[in-house]
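Please keep the structure in view while reading.

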Amino acid sequence: MTHLDISEVAQRSGVPASALRYYEEKGLIVSTGRRGLRRLFDPGVLERLALIALGRSAGFSLDDIARMFGADGQPRIDRLMLTAKADELDRTIRNLSVMRDGLRHAAVCSAPSHMECPKFRRILRKAEAGAAREKRTKAAPRPPKGKAGARERSSKADP
């Protein structure tokens, strides 16, 4: 069986060697040994790198992608996770479509000023509401992880 060294994998996949080393550190790919100082990989790593690239282009984090592989290294893709990501992409597409349409309208609007255009004013109000909602979401206090559960358990034990 022929193995590919890290430079061959980088060349064939388009993934820089530094990223390959990082992926290996994260457990996304596994080298099979070394030839001198160079890592060696099974040729199947190219397909795995293609799956990683596909996941990244869909917006999944490397941690999400790592969870999509079973202990045996075979893809075990959670269909609910895919559905949730598709729903998220649908929301993003809708928001971007509204933004695109607003920009196109603003570019050709006959109003003397954008601030006098009723459609632009509606877009502006939506943007303000979205920014306020985002600010409230980010500012919401969150309890420390793990401590609330410990307090609840200890208070239940003490009458």
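Arg48 lies over the face of Phe69, 3.6 Å from the ring centre; a charge is taken to sit over a ring if NZ of Lys or CZ of Arg is within 6 Å of the ring centre and within 35 degrees of the ring normal. The charged end of Lys85 is likewise placed over the ring of Phe60, at 5.2 Å from its centre. The model is predicted, so local features need pLDDT of at least 70 and side-chain atom pairs count only at pLDDT 80 or more, whereas totals for chains, interfaces and linings use all residues. Residues are numbered from 1 along each chain as its sequence is written, and side-chain values use heavy atoms, with hydrogens and water left out.

Strand β3 (residues 38–41) runs antiparallel to strand β1 (residues 4–5), to which two bridges join it; strands are DSSP runs of E with at least two residues, numbered from the N terminus, and two strands pair if DSSP finds at least two bridges between them. Leu4 has Phe41 of β3 as its bridge partner. Strand β2 (residues 33–35) is also antiparallel to β3, through three bridges, and Arg35 is partnered with Arg38. In this hairpin two residues lie between the strands, and Gly36 takes a positive phi near 70 degrees.

Methods:
Helices (H or I, at least four residues) and strands (E, at least two) are DSSP runs, numbered from the N terminus.
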